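Open the model in your viewer and keep the selection tool at hand. Each stop says what to select and what is there.

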Amino acid sequence: MTIAPTFSAGSNNRHHPPLSFAVAAGLASAVPHWLLYAASRVGGAVHYCMAGDKRRNYLANTRSLPKPRRHRPWHAFQNQALNVLELLKAASEGEVASDLSLHGEHTIRSALDQGRGLILTTFHTGNWELAGLQLALRGYPVTTVAGEQLRKGWSDQVKALKERFGLRMVGPGGGVRELVRNLQANRVVALHLDGDLFIGGLEVLFFNRRVRVPRGPAHLSRITGAPIAFAFSHRTGKRQLELTIENKTPPPASADEELRLTQRLVTRVEERITEAPGQWCIFRRIE
């Protein structure tokens, strides 16, 4: 399915993309995906060498992980570079370039059949951006929370792109009430467990450290009655992606159950990161 691009004339900034964004999207559209992949290998490795703070943060975040034999720390930077290039290509062409296999679609259908919406908890792995676009393209009503997108000055354009694909965007200031309204409208609300992470919220054990994670997913489930399902994106090839949605979990019945559910979800994040640390793209220090 193709969505008509892109930026028509108008007074809103979303209709006048910054020159840097327009040029980057145009270049990404002008080359085949294999060349984007090759560029991401070089660009990601260079970024790893040049971005000292991000490199140190990533190494600190993953220091306790058992690394697969072929894992190298710059792989995460290469994965993120490809994520950005794929999103820019989608912005210019109006379609998703990568091939995505969806597993667990029955979880979404059964939850929406119950009429209370669904909370999808996920984290920044694989290409979570294209995974969300693909769900929207398949007709599922998806809402997500988003702050600054990619880089300063590009947020409006990236948000407009997602909205053209059918994603509903809620800003960080939208609050719990806006998310509750979306669940009451029987929508899928996607929330990242590692987004803006570990400030306030619930204290859990994450890679043998006590950290705080957002209580939003479990708390929203409790107050709305919407079930929760864990979802994750995974790269299986140069342009192949998988999105796996696990079986849904009933809402917690108490504050103690909120904490236990959140810990189980964070443990699933740990397990997935351990299996593929090069696909986890968080470059701020987790403390």
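**Stop one: a pocket**

Select α4 first: among the elements, α4 gives the most to the lining of the second largest pocket, with four residues. This is a predicted model.

Show side chains for Arg41, His75, Arg235, Gly278 and Gln279. Of the 17 residues that line the second largest pocket, these lie nearest its centre. The pocket's volume is about 400 Å³. Colour the lining by class: five residues are nonpolar, eight polar and four charged.

**Stop two: a cavity**

Search the whole structure and two cavities of 30 Å³ or more turn up. Go to the second largest cavity, with a volume of about 40 Å³. Select Phe123, Thr125, Phe232, Ser233, His234, Arg272, Ile273 and Ala276 to see its lining. Two elements, β8 and α10 (255-275), each give two or more of these residues. Keep β8 highlighted: β8 brings three residues, the largest share of the cavity lining. By class, the cavity lining has four nonpolar residues, three polar and one charged.

**Stop three: cysteines**

Is Cys49 buried or exposed? Its relative accessibility is 54%, so Cys49 counts as exposed; the cut-off for exposed is over 50%. Finish at Cys281. Cys281 counts as buried because its relative accessibility is 6%, and buried means under 20%.

Technical notes
Residues are numbered from 1 along each chain as its sequence is written. This is a predicted model: local features need pLDDT of at least 70, side-chain atom pairs count only at pLDDT 80 or more; totals for chains, interfaces and linings use all residues. Side-chain values use heavy atoms; hydrogens and water are left out. On a 1 Å grid over the protein atoms alone, a cavity is a set of points where a 1.4 Å probe fits but cannot get out, and a pocket is an open set with protein on both sides within 12 Å along at least five of seven lines; lining residues have an atom within 4 Å of a point. Grid points are joined across faces, edges and corners, and a volume is the space filled by probe spheres set on the points. Ala, Val, Leu, Ile, Met, Phe, Trp, Tyr, Cys and Pro count as nonpolar, Asp, Glu, Lys and Arg as charged, and the others, Gly among them, as polar. Buried means under 20% relative accessible area, exposed over 50%, partly exposed in between (1.4 Å probe, protein chains only).
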